[in-house]
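Thank you all for coming. I would like to walk you slowly through one structure today, so please have the sequence and the picture open as I talk.

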Amino acid sequence: MLLFAATAQAGWLEGMNAYRDADYAIALHDFQPLAVAGNPDAQDQLGAMYAAGQGVARDYATAVYWYRKAADQQHAQARFHLGMMYAAGRGVARDDEQAAAWYRAAAEGGDIPAQILMAQMHENGQVVATDKALAMYWYRAAALGGSVAAQNIMGNRYQFGRNVLQDMEQAQFWYRAAAAQGSAHAQYNLGLIYAGGLGVAKDYATARTWFLQAAIQGDQDAQYELGQQYYTGLGVTQDRQQALSWYSKAAEQGDARAQLRLGELYSAGDTADLMQAYHWFGLAAQAGDADAQVHRSILEGRIGAQTRKP
């Protein structure tokens with residue numbers, strides 16, 4: 001028995017390595033005997049390969065067959081996959097109630113995507129009854145399981161009192177959990193909490209620390225907020241060049257607020273660059289910013305007057 005288990009484990013690892021390398025023929029060769037022998041992980045993986053047509057002709061009915069084999073052994077991920085097949089009507093007749101039943105079984109077995117989906121379904125009353133408490137129950141389960149998405153959702157729900165009583169301590173707890181896993185979205189939200197003094201003493205220096213972590217990862221909202229801090233000198237020494245740098249990063253990602261600020265900075269002072277200002281005002285105006293439209297019109301007159309100088 002020990003020899004069989006060791007051989008099966010080796011076959012599974014070899015199959016997964018081949019699968020990750022997109023060598024589906026080898027993966028199929030390794031998974032097939034394990035699935036036939038009753039290994040639920042291999043059965044679920046085989047189902048996924050038939051569903052996607054990886055190494056075999058796409059065959060939803062066969063995918064359902066293998067998913068069901070694993071699901072009957074309480075394999076949580078296979079139950080989620082089986083729910084997806086019922087929801088899409090692939091390999092089985094479409095049946096939203098069956099889909100929900102399999103999603104619930106998967107969620108109860110600890111499958112995080114299923115937990116998040118059950119939360120969303122109860123939150124929006126899709127197929128199942130609207131139940132805000134159950135929605136929060138499933139979001140919390142996924143968050144405790146380490147889901148960054150669920151942790152951010154929990155932070156959001158507590159911050160704004162959606163489905164629960166507003167609780168900024170809980171909001172911070174969940175945002176910090178997500179931020180610790182590198183979530184730029186959570187880092188940005190923590191920056192907003194400290195910049196706004198939301199449930200904490202207003203602390204622009206701490207806000208800057210969180211904004212910087214998110215901005216370095218490319219979060220345009222955090223980049224804009226850093227630009228604002230350097231522009232106004234809140235929590236940092238006022239620095240026009242740093243403001244320009246962070247505004248530019250956000251503006252290049254299409255942030256109309258940053259584009260407007262760049263237009264204002266480039267159109268003012270002894271080092272004004274009217275053509276740069278016009279460029280940024282123009283982009284912000286195209287995004288629908290009314291102030292940028294006014295600034296651009298005024299700037300057109302300044303540029304015209306400048307070109308008419310002898």
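Let me begin with helix 13, which covers residues 220–232, and helix 14, which covers residues 240–251: in this predicted model, their axes come within 8 Å and cross at roughly 160°. Since an angle over 145 degrees counts as roughly antiparallel, helix 13 and helix 14 are therefore described as roughly antiparallel to each other. The crossing of helix 13 and helix 14 is left-handed.

Which residues of helix 13 and helix 14 meet? On the side of helix 13 they are Gln220, Gln223, Tyr224, Leu226, Gly227, Gln228, Tyr230 and Tyr231, and on the side of helix 14 they are Gln242, Ala243, Trp246, Tyr247, Lys249 and Ala250. Sorted by class, this contact of helix 13 with helix 14 has eight nonpolar residues, five polar ones and one charged residue.

Let me turn now to the aromatic rings. A pair of aromatic rings is described by the distance of the centres and the angle of the planes. The count for this model comes to nine aromatic pairs, and one of them is formed by Tyr188 and Phe211, whose rings lie 6.0 Å apart from centre to centre with 40° between the planes, an arrangement that counts as tilted. This pair links distant parts of the chain, with Tyr188 in helix 11 (residues 184–196) and Phe211 in helix 12 (residues 204–216), 23 residues apart. Are these two residues buried or exposed? Tyr188 is buried, with a relative accessible area of 12%, and Phe211, at 1% relative accessibility, counts as buried as well.

A further pair brings us back to the helices I started with. The ring centres of Tyr224 and Tyr247 are 5.8 Å apart and the planes stand at 45°, so this pair, too, is tilted. Because Tyr224 lies in helix 13 and Tyr247 in helix 14, the pair ties together parts that are 23 residues apart in sequence. Both Tyr224 and Tyr247 are buried, and together with Tyr231 they form one aromatic cluster.

Finally, I would like to look at a histidine in a loop. His75 is found between helix 4 (60–71) and helix 5 (76–88), and with a relative accessible area of 14% His75 is buried, because the cut-off for that word is under 20%. If we leave aside residues up to four places away in sequence, His75 touches Pro40, Asp41, Asp44 and Ala70.

Note on methods:
Residues numbered from 1 in each chain as written. Predicted model: local features only at pLDDT ≥ 70, side-chain atom pairs only at ≥ 80, totals over all residues. Heavy atoms only, no water. Axes fitted to C-alpha atoms, helices over the stretch in contact; angles between N-to-C directions. Helix = DSSP H or I, 4+ residues; strand = E, 2+ residues; numbered from the N terminus. Parallel < 35°, antiparallel > 145°, perpendicular 65-115°, else oblique. Left-handed = near helix turned anticlockwise from the far one by under 90°. Contact = heavy atoms within 4.5 Å. Nonpolar A, V, L, I, M, F, W, Y, C, P; charged D, E, K, R; others polar. Phe/Tyr/Trp six-rings, centres within 6.5 Å; stacked < 30°, edge-to-face > 60°. Buried < 20%, exposed > 50% of the residue type's maximum accessible area, 1.4 Å probe, protein only.
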